[in-house]
Structure formats: structure tokens, C-alpha cells
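Open your viewer and get ready to select residues. This tour goes from stop to stop.

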Amino acid sequence: MENHMTKGRLSEKLFNAHLAGSVAIYRGHPAHSEIVNARSYIPYDENNVTGALARILELETDHDQYERTLNEPFLADGERTLCEYFSLSDRIGEGRLRWRILQVIQDMMHGT
């Protein structure tokens, strides 16, 4: 569960669950599905928990479905997602994110 429901904010919680080899039960801003594959975790809505509970029961009772969920690709759109959101190094997506950040800083410094 994220501490803040802010678009563009995605903490380590989903990543840690994935790296630990588990299916996360996660509550976060809906836009995070642009980064993380929505089929790789169980979405949790605190205003309507029945969907999450039903999915937990399904995965608990159907081992094959659990394995399929566990083996879903983690990133929403593979290489494109990696390049778009994690390219702080030139070795990843030619550093696109890094260059976008530098451009924003330069624009702010020059008042554009």
C-alpha cells in the first residue's frame, strides 16, 4: 500500500514483492499501470475489498492461475517501459530519461 496516492509516484513495494518471487497485493495510483503490468499483482481498493479478496481466493485455490500470475511480465510494456521510466544510464534506452531530466533543468535555468 503506497503512503501517498500521487500520479507518477511508485515506491519500491511492487518491485520488492516481484523480486521476492511473490504476487503483491497492491494499492497505488491507477496510473502506475503504465509502468507495472496490472496482471502481475492483485489490485487492492480500500473502498471495495471484494475484488482483491476474490482474486486472492482464486489464486489460493488454483495453482496454475497463481503460477501464470507469478510469471506475468513485470513491466507493462517491456523494453519501452524500461526505456521510458528507468533509463538514467546511457546503457538503458540510450539514457532517454536522464536526457529528459537534464532538458527540464536547463529549461528551468533559462526560464523557458
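Which residues line the largest cavity? Select L14, A17, H18, S22, V23, A24, S40, Y41, T69, L70, E72 and F74. A cavity is a set of points, on a 1 Å grid over the protein atoms alone, where a 1.4 Å probe fits but cannot get out; lining residues have an atom within 4 Å of a point.

Before you go on, note that this is a predicted model, where local features need pLDDT of at least 70, side-chain atom pairs count only at pLDDT 80 or more, and totals for chains, interfaces and linings use all residues. Residues are numbered from 1 along each chain as its sequence is written, and side-chain values use heavy atoms, with hydrogens and water left out.

**Stop 1: the cavity**

The structure has one cavity of 30 Å³ or more. The largest cavity holds about 80 Å³ of space. Volume here is the space filled by probe spheres set on the points, with grid points joined across faces, edges and corners. Now colour α1 (13-19) and α3 (63-70), the elements that give two or more residues to the lining. Helices are DSSP runs (H or I, at least four residues), strands are too (E, at least two), and both are numbered from the N terminus. The largest share of the lining, three residues, comes from α1. By class, the lining has seven nonpolar, four polar and one charged residues. Ala, Val, Leu, Ile, Met, Phe, Trp, Tyr, Cys and Pro count as nonpolar; Asp, Glu, Lys and Arg as charged; the others, Gly among them, as polar.

**Stop 2: a salt bridge**

Stay with E72, one of the lining residues. A salt bridge is a side-chain nitrogen of Lys or Arg within 4 Å of a carboxyl oxygen of Asp or Glu. R39 sits in the loop between β1 (25-26) and β2 (42-43), and E72 in the loop between α3 and α4 (78-85), so the pair ties together parts 33 residues apart in sequence. The whole structure has six salt bridges.

**Stop 3: α2 and α3**

Select helix α2 (residues 50-61) with α3. Their axes come within 5 Å and cross at roughly 110°. Axes are lines fitted to C-alpha atoms, for helices over the stretch in contact, and angles run from 0 to 180 degrees between N-to-C directions. The two helices are therefore roughly perpendicular (65 to 115 degrees). R55, E58, L59 and T61 of α2 make the contact with H63, Q65, Y66 and T69 of α3. Contact means heavy atoms within 4.5 Å.

Conventions: 1 Å grid on protein atoms, 1.4 Å probe; cavity = no way out; pocket = protein on both sides within 12 Å on 5 of 7 lines; lining within 4 Å. Parallel < 35°, antiparallel > 145°, perpendicular 65-115°, else oblique.
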